[in-house]
Amino acid sequence: MSNAFQSLRLPRHVPLIVATRGGTPELVHYGSIAVVDARGTRIASIGDATGLNFTRSALKPLQALPFIEDDGAARFGFDSAAVALMCASHNGEAVHVRTAQAMLDAIDASEINLQCGCHVPYYFSYTGREAPAGTRWNQLFHNCSGKHAGFLAYCRLHGKPFKTYLDADSPLQARIRATVQGFAGHRTLPMGIDGCGAPNFAMPLDALAHAFCRLALGETAALDALRYAMTRHPDLVSGTGRSDLALMQTAADDWVTKIGADGVQAIGVRSKGIGIAIRIADGDRRALMAATVEVLQQLGLLDNVAATPLADYSRPTLRNNRGAAVGAVVPAFRLPPVML
């Protein structure tokens with residue numbers, strides 16, 4: 001074992017989800033869960049609630065916060081749809097691309113100013129449709145184009161150059177770093193670079209859960225503006241076939257939520273004044289959603305899952321190529337009783 005590996009502080013994850021085949025465990029997905037109240041006090045947890053986990057796209061509302069705090073939305077006429085797209089990992093559907101372009105038009109910027117890169121729109125993978133052969137997708141179709149348009153808007157608002165907006169020591173990213181660290185008790189957080197090129201931070205799960213509790217409660221005017229936008233436009237935050245859309249449709253105006261790549265889910269529950277953060281260590285999305293739905297059920301927040309848009313995510317049946325049931329995805333954890 002290398003010295004570098006020995007020096008890593010690995011989170012103490014535990015089994016959360018098991019995929020069975022013929023009734024025998026085949027896959028075991030480890031992870032951790034944190035549930036906190038409005039004071040940030042942990043009221044339930046499984047695994048390692050204090051271990052550091054990169055937030056990935058679950059960080060987007062906090063990355064958008066400085067622009068909203070500085071009244072940038074009003075300055076450029078960004079409506080709630082534009083604010084929602086700043087927090088989005090969107091599908092690259094027509095409404096997403098149109099909204100991102102309108103944001104750029106409002107700040108006198110163009111698609112070439114974005115630095116998120118290009119990929120095939122998520123719409124195709126989440127709907128099972130085939131992308132048209134030979135199509136070239138520009139950066140507006142990138143799932144993070146709204147976030148990056150918001151970054152450019154912050155730079156325009158404060159007279160900062162577009163070219164360096166992703167630099168970790170740029171005024172924008174320094175402001176975001178201070179904001180995120182403030183939500184983590186003003187502690188220094190490890191930084192890495194996300195898939196879209198933006199700095200990202202590893203946080204304890206209980207800090208991420210508390211951030212989403214504060215977001216759900218609309219603790220400040222800026223946080224409330226973000227909450228309102230995300231819950232009013234869950235289709236812009238995600239898109240067709242997406243789990244964030246299903247979650248926010250299930251409890252409209254109450255749950256504000258954001259998934260992050262590689263197994264991160266954060267949820268704030270306004271009516272109960274709690275925040276939830278979940279991490280699946282191997283990043284498996286099926287296991288993440290199974291764990292998310294199970295947490296909501298165990299907390300008493302979801303009674304009849306079969307009657308909600310979350311039905312397909314709860315304990316899904318595994319089927320072979322002929323459609324026959326061959327296994328199941330089942331939870332392997334039990335939260336301690338919590339009075340909400």
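The lining of the largest pocket divides into seven nonpolar, 10 polar and six charged residues. Here Ala, Val, Leu, Ile, Met, Phe, Trp, Tyr, Cys and Pro count as nonpolar, Asp, Glu, Lys and Arg as charged, and the others, Gly among them, as polar. This is a predicted model: local features need pLDDT of at least 70, side-chain atom pairs count only at pLDDT 80 or more, and totals for chains, interfaces and linings use all residues. Residues are numbered from 1 along each chain as its sequence is written, and side-chain values use heavy atoms, with hydrogens and water left out.

Back to the largest pocket. A pocket is an open set of points on a 1 Å grid over the protein atoms alone, where a 1.4 Å probe fits, with protein on both sides within 12 Å along at least five of seven lines; lining residues have an atom within 4 Å of a point. The lining has 23 residues, and Ser57, Tyr122, Asn143, Gly260 and Ala261 lie nearest the centre. Helix H6 (122-127), strand S7 (255-260) and helix H13 (285-298) each give two or more residues to that lining. Helices (H or I, at least four residues) and strands (E, at least two) are DSSP runs, numbered from the N terminus.

Next, the second largest pocket. Its lining includes Tyr126, Arg242, Asp312 and Pro316. H13 gives the largest share, three residues.

Last, Gly323. Gly323 sits in the loop between strand S10 (317-319) and strand S11 (325-331). From Gly323 to Arg232 is 91 residues in sequence and 37 Å in space, C-alpha to C-alpha.
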